[in-house]
Amino acid sequence: MNNTTITNPVIWADVPDPSVIRVGSTFYMVSTSMHSMPGCPIMKSENLQNWELVNYVYETFEDNDAHNLLDGKGIYGKGSWAASLRYRDGIFYVCFSSLDMNQFYVYTTEDIENGKWERSVIQGLHHDPSMLFDDDGRVFVFHGNGDIRITELSEKATALKPDGINQLLLETERDGIMLRAEGCHAYKINGYYYLFFIDWPNAGNKRRRQLCYRSRDLLGPYEHKLVLDDQMDYWNNGIAQGGIFDTSEGDWYAVLFQDHGAVGRIPCVLPVVWDYDWPVLGQQGKAPKTLEVKLPSSETKPLVISDEFDYGENRLALHWQWNHNPDNGKWSVTERPGCLRLTTGHITNSVEFARNTLTQRTEGPACVGTTVMDIKAMKPGDRAGLVSLQYAFGSVGIQVDDNGDFYVAMCVNGRVDDGQGEITVERVKYEGDQIYLQIECQFDNGDREDIAWFRYSSDGVNWVVIGDPFHMQYRLEHFMGYRFGLYNYATKQAGGFVDFDYFRYVSLI
């Protein structure tokens, strides 16, 4: 077996709240996806360095005005949080809670890479849940923020168990803590119950850190230790929240994440050793930037892709996610072969509330997204183009005035500074039937700012910068790293459309 060198972060993109398991020699990971659809992405790896996107748990999980982005607010910052991935007796389980629905969801499948998922819904919020299958076959969920509860599920984890355990398990520290313990990952290993948490003190290093609680008895009492408090030389942002797992060779590792500015929350792999049945994470208390693992080398598969939109059926590559539930009657990759067609539906005043915005992640340390758009069928009041999407978004695209004149414009979100809708920073009269659009994102690596630049071209060769350099901000209103988005929406009348001939992506590593 060849060794693999792991370089942290293993994915320099927004993959928050990772939950990792091993089945055979393959590692699987699920991540938070909030308002992006399809959701709960499943990734796999043979060596913990190279991760491939293979499936999603659901296409959509609710159908209402908020999830459909029709209520003027959406589910930004809500949706599915902190999913837990587990495996037992040939069945994969993913569970998560939804803050906006106040419900707990359990999905199961026998085929994690290709299968359909069956869902069960349990009332009540089970914050940051972790599922645990005990040795006697009983099923528990540990959940909560500070006050940690244990709830027993039925044997197949489809409902609460009648008369099962459902109680406060323990209370984590309060004094000097800004964010009490949450993000549980629960395990039964060598006779101990282990509960891993993240918390955030307002004393000491004042950064997120990883805790471990353990007990030989399910209901405690639990003792605890600080198992990692490190920021890997990045702005005192601690690496924490995640769990542990072993390899088929018996080595142990953890996957945790680090808040990394506008690009989002990025996963890191750390070695784990055991000391008197306590897990010791990292190397000499630090998260290593590189480490060697006794796992085979493998081909790198991209998380973000270029796409010529050349599809035989009306189904997109896995790398794309819609911003909220799509209106499937208003998009197509087959109506005009080789193009993504977005047709306007409901009326709105901002790309933030435009349905059918098609997104992919951005990646650090820098990346560029480029598209070309046929604009002949746009109607007065229409807005279409390319956006770097977060609450503080920046976009470059076409605006059609009421009199039918076309302008290329760079816009930002006026709501960030207590305004309303989009604010046009700069716009220029535009002649022509198509336009090339480009956004370049540069992400901070501890020595610079998170900046985006916006450009347009009439021929794809000669580019013009429009608007100001844009300071990207990771904001909790959306709670997600920046994404490239292709959009088209109407401010006056529905029915106009644009055709995107391609989306081309370059990672500037």
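Phenylalanine 470 touches Ser388, Ala392, Phe393, Gly394, Met410, Val412, Asp450, Ile451, Ala452, Phe454 and Tyr482, with residues up to four places away in sequence not counted; contact denotes heavy atoms within 4.5 Å. The structure is a predicted model, in which local features need pLDDT of at least 70 and side-chain atom pairs count only at pLDDT 80 or more, whereas totals for chains, interfaces and linings use all residues. Residues are numbered from 1 along each chain as its sequence is written, and side-chain values use heavy atoms, with hydrogens and water left out.

Phe470 is also among the members of the largest nonpolar core that touch the most other members, together with Phe309, Leu316, Leu340, Met373, Ile398 and Ile435; this core holds 50 residues. A nonpolar core is a set of buried Ala, Val, Leu, Ile, Met, Phe, Trp, Tyr and Cys residues joined through side-chain atoms within 4.5 Å. In soluble globular proteins, nonpolar side chains tend to be buried together.

Isoleucine 451, one of the contacts of Phe470, is found in strand E34 (residues 451-457). Strands (E, at least two residues) and helices (H or I, at least four) are DSSP runs numbered from the N terminus. Isoleucine 451 counts as buried because its relative accessibility is 9%, where buried means under 20% relative accessible area, exposed over 50% and partly exposed in between (1.4 Å probe, protein chains only). Its contacts, again without residues up to four places away in sequence, are Glu440, Cys441, Gln442, Pro469, Phe470, His471 and Met472. The C-alpha atoms of isoleucine 451 and glutamate 440 are separated by 8.3 Å, the two residues being 11 apart along the chain.

Eight strands form an open antiparallel sheet in the order E4-E24-E27-E37-E29-E30-E31-E32; two strands pair if DSSP finds at least two bridges between them. Strand E4 (36-37) and strand E32 (422-429) stand at the edges with a single partner strand each, so one side of each is left without a neighbour in the sheet. Within this sheet, E29 (residues 382-389) and E30 (residues 394-400) run antiparallel and are joined by six bridges. Alanine 384 stands opposite isoleucine 398 in E30.

The second largest pocket contains about 570 Å³ of space. Of its 26 lining residues, Pro38, Tyr56, Glu59, Arg315 and Leu318 are the closest to its centre. A pocket is defined on a 1 Å grid over the protein atoms alone as an open set of points where a 1.4 Å probe fits, with protein on both sides within 12 Å along at least five of seven lines; lining residues have an atom within 4 Å of a point. Grid points are joined across faces, edges and corners, and the volume is the space filled by probe spheres set on the points. Strand E6 (52-58) gives the most to this lining, with five residues.

Several backbone features fall in loops. The peptide bond from glycine 220 to proline 221 is cis, with omega near 10°, and proline 221 is placed between strands E17 (209-215) and E18 (223-228). Glycine 364 and proline 365 are likewise joined by a cis peptide bond, with omega about 0°; proline 365 lies in the loop between E27 (358-361) and E28 (366-374). Aspartate 163, although not a glycine, has a positive phi of about 60°, and it counts as exposed because its relative accessibility is 83%.
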